[in-house]
Amino acid sequence: MNGANHRMDCATTYPFYIMGGDWGSAMAPVKDELPLKGDTIVGNDVWIGQNVTVMPGVHIGDGAIIGANSVVAKDIPPYSVAVGNPCHVVRKSFDDELIELLLKFKWWDKSIEEIESLMPILSCGDLEKVKNEIKARL
């Protein structure tokens, strides 16, 4: 297969072999013959709206928000709000300092007990207080 244009050598990728029977050489390409876009990775603390399509090989960063009906065809940075078809970033969720702190803090990797104790901080609307509380715990 030509890696530059990812052309396939048949008209469909439908897996006819799932119907059983002897299909001879009329088989859809196996995984190794399809263009590989890499792993699709969805980070932690990500909110994905209804009817979103995430294309193969896309990375959605921690804390990202993907609006409903979006088609995500390229990587979305952490703590970004992205919408549309094609999906594009419309703004950051927080200022750079808080984003950096949240990415270092990784609350999702904490124990259940620690997360329970962090709930008042993580759900606080006073973002300066949130920054100070996270700094104190790093």
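Author: A quick definition before we start: strands are DSSP runs of E with at least two residues, helices are runs of H or I with at least four, and both are numbered from the N terminus. Also keep in mind that this is a predicted model.

Reader: Okay, what pattern does the protein chain follow along the sequence?

Author: Start with the counts: the protein chain has three helices and eight strands. Now read along the sequence, and the pattern comes out as β-β-β-β-β-β-β-β-α-α-α.

Reader: In which loop is Asp 45 found?

Author: Asp 45 isn't a glycine, yet its phi is positive, near 60°. Most residues other than glycine have a negative phi. Asp 45 counts as partly exposed, since its relative accessibility is 41%. As for its place, that's the loop between strand S1 (41-42) and S2.

Reader: And Asn 51, does that count as buried or exposed?

Author: Asn 51 also has a positive phi, about 60°, without being a glycine. You'll find Asn 51 in the loop between S2 and strand S3 (53-54). The cut-off for exposed is over 50% relative accessible area. With 54% relative accessibility, Asn 51 therefore counts as exposed.

Reader: Which strands stand at the edges of the open sheet?

Author: The open sheet has four strands in the order S2-S5-S7-S8, with mixed pairing. Two of them have a single partner strand each, so one side of each lacks a neighbour in the sheet; those are strand S2 (47-48) and strand S8 (87-92).

Reader: Which residue in S5 stands opposite Ile 48?

Author: Strands of a sheet pair through backbone hydrogen bonds, either parallel or antiparallel. S2 and strand S5 (residues 65-66) go for the parallel sense, over two bridges. In S5, the residue opposite Ile 48 is Ile 66.

Reader: How many bridges do S7 and S8 pair over?

Author: These two strands are joined by a hairpin through two residues. S7 and S8 run in the antiparallel sense, and the number of bridges is five.

Reader: What is omega for the peptide bond that joins Asn 85 and Pro 86?

Author: Pro 86 sits in the loop between S7 and S8. Most peptide bonds are trans. The one between Asn 85 and Pro 86 is cis, with omega at about 5°.

Reader: Which residue has its backbone oxygen 3.1 Å from a polar atom of the Ser 80 side chain?

Author: Ser 80 is part of strand S7 (residues 80-84), and its relative accessibility is 2%, so it counts as buried. Leaving aside neighbours within four places in sequence, its contacts include Gly 63, Ile 65, Val 89 and Arg 91. The backbone oxygen you're asking about, 3.1 Å from a polar side-chain atom of Ser 80, belongs to Pro 77.

Reader: Which residues is Ile 134 in contact with, leaving aside its neighbours within four places in sequence?

Author: Ile 134 is one of the residues in that largest nonpolar core. In soluble globular proteins, nonpolar side chains tend to be buried together. Leaving aside the neighbours you mention, Ile 134 is in contact with Leu 98, Leu 101, Leu 102 and Phe 105.

Reader: How many residues does the second, separate core have?

Author: Its members include Ile 60, Ile 66, Ile 76 and Ala 82. The count for this second, separate core is nine residues.

Reader: How many residues apart in sequence are the parts that Tyr 79 and Phe 94 tie together?

Author: The whole structure holds two aromatic pairs. Tyr 79 and Phe 94 form a tilted one, 5.8 Å centre to centre with 50° between the planes. Tyr 79 lies in the loop between strand S6 (71-72) and S7, and Phe 94 in the loop between S8 and H1, so the parts that the pair ties together are apart in sequence by 15 residues.

Methods. Residues numbered from 1 in each chain as written. Predicted model: local features only at pLDDT ≥ 70, side-chain atom pairs only at ≥ 80, totals over all residues. Heavy atoms only, no water. Pairing = 2+ DSSP bridges. Core = buried A, V, L, I, M, F, W, Y, C linked by side-chain atoms within 4.5 Å. Buried < 20%, exposed > 50% of the residue type's maximum accessible area, 1.4 Å probe, protein only. Contact = heavy atoms within 4.5 Å. Polar contact = N/O pair within 3.5 Å; in protein donor to acceptor, adjacent residues only side chain to side chain. Phe/Tyr/Trp six-rings, centres within 6.5 Å; stacked < 30°, edge-to-face > 60°.
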